[in-house]
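Hi,

Here is the structure I said I would pass on. Have a look at it, and then read my notes below.

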Amino acid sequence: MVISDEAEKLYEIFDSIGITLRKTNKTKSPASTNFSTYDIAFIDIDSEGWEKRVIDLKQYMPVITIGKSDIKKAIKSMKLGATDFLQKPLRNESVKEIFENFKDKPKVEINGLIGISRIMEDVYCGIRKAALTDSNVLITGESGTGKELVARAIHNLSERKENPFIVINCTAIPDTLLESELFGFEKGAFTGANYTKKGLIEWADRGTLFFDEIGDVSPLFQTKILRVIQEGEFIRIGGNHPVKVDVRFIAATNKDLSKACKEGVFREDLFYRLNVIHIEIPPLRSRKEDIPSLTQFFIKKHSAKRKDINIKGITEEALDALMSYSFPGNVRELENIIERAIAFTNSVEITIKDLPAYLLKTQHSKKTPHGNLREAVDNFEKELIWSALQKSRGNISKAAELLGIHRQQLQRKLKQFKIAT
Ligand SMILES: Nc1ncnc2c1ncn2[C@@H]1O[C@H](COP(=O)(O)OP(=O)(O)OP(=O)(O)O)[C@@H](O)[C@H]1O
Ligand SMILES: [Mg+2]
């Protein structure tokens, strides 16, 4: 992508070194441009409005600024996020050198994970690093960012891949069943124990054990698993000798565990045991360049559900609407939106009409900052509520707690905003 009065000169230089650049359509507004299809942007800093362009585009691709020899401006462009600066008049060698830098950047794709953003590349590097070791891993990130997917990717790339990957949904096990679920029991351990039962930890032997939602577990749970993680052994209920296991532990949470440690609700020793390798998955709103490829991926994944039409894609307008939305529910929310749109649409491309109304309303409020204040406040409130509902997976009491309001108050709001749960 080239935004410059000297665009033609750049196209010529690239042609001469054997690289054909796709020309940017000048009449198109950046908002309706699918940035994911561009690899690199050249922005002329001798043209009006260049600062905003650098800020806008740097989140989608590396930005190279070009300009006359004005050191101050060149430095400013780097401070705003440009990766490099090229001085005019442009020379073949310097353009070529810059292009080579980016061309040689290794791609670190991971099977099953979609995302081309630089932030996701860091996540992929973390996954590869973790897969090479047996160290415990802590995966953090907001709800719906792909924590379980990342845990599975680590297992599938590791030497343990032929062995089990066991998921423990920590919040689903009450303290009363904890030991029998995790450690199993010996025959005759208690009335009704007519057979010896293996616990989840034993099932994971030689494989990977994934503790999901580790930030929400009881103190008892924390104490019980700390011992297994430290010693690599446990005792079945009714057993009289420890059982040794060879397990790699991965844990995930959307909570801030170091804060929970400071507050005294999470054991510090357990936190350090788990947090040997830390992978943070950023929210979707901070890697919007992943939205087009994820959208296409989910269209492919769900389009077979429509037997009557063959849905192939999404209109630019609808994609723009997705790009302008903040996705409090992250990738899971995007997937739900696409799945729903596939069920609704009457055409081979998803259109703006097939997207949920709340998404268009928040977009509308962003486009008209001078509009009605009440409407703006309502939209803001709706987004907060929607986000809380996503986090609580539709649980109203939990969402009310997250919002710091009473359950009844939230129910009134849901009615007022016609939000179905
Ligand atoms: N990068 C990605 N590429 C493809 N699909 C993804 C990606 N990230 C997330 N998903 C999909 O989004 C959904 C949510 O992902 P996942 O369950 O791993 O999130 P999570 O962080 O564990 O969420 P929660 O905290 O709510 O448990 C899944 O259907 C998953 O396949
Ligand atoms: Mg999960």
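To start you off: is Glu148 buried, partly exposed or exposed? Glu148 is partly exposed, with a relative accessible area of 30%. For that word, buried means under 20% relative accessible area, exposed means over 50%, and partly exposed is in between (1.4 Å probe, protein chains only).

A bit of housekeeping first. This is a predicted model, where local features need pLDDT of at least 70 and side-chain atom pairs count only at pLDDT 80 or more, while totals for chains, interfaces and linings use all residues. Residues are numbered from 1 along each chain as its sequence is written, chains are lettered from A and ligands numbered from 1 in the order in which they are written, and side-chain values use heavy atoms, with hydrogens and water left out.

Now the overall picture. The chain has 18 helices and 15 strands (DSSP runs numbered from the N terminus: H or I of at least four residues for helices, E of at least two for strands). It is 421 residues in length, and 46% of them count as buried. Take the contacts (heavy atoms within 4.5 Å) with a separation of 6 or more: 64% of them are between residues 24 or more positions apart.

Next, the charged pairs. Side chains of opposite charge can pair when their charged atoms come close. The structure holds 22 salt bridges, each one a side-chain nitrogen of Lys or Arg within 4 Å of a carboxyl oxygen of Asp or Glu. Here are some of them:

- Glu148 pairs with Arg152, with 3.0 Å between the closest N and O atoms. Both sit in helix 6 (residues 147-157), four residues apart, or about one turn of the helix. Arg152 is partly exposed too, at 35%.
- Lys197 and Glu181 make another, at 3.8 Å. Lys197 is in strand 8 (residues 197-198) and Glu181 in helix 7 (residues 178-183), so this pair ties together parts 16 residues apart in sequence.
- Glu233 meets Arg227 at 3.8 Å, N to O. Glu233 is buried, at 18% relative accessibility, whereas Arg227 is partly exposed, at 37%.
- Asp44, Asp46, Lys73 and Lys88 are linked in a network of salt bridges.

Last, the cysteines. How many disulfides are there? The count is zero, going by pairs of cysteine sulfur atoms within 2.5 Å.

Cheers
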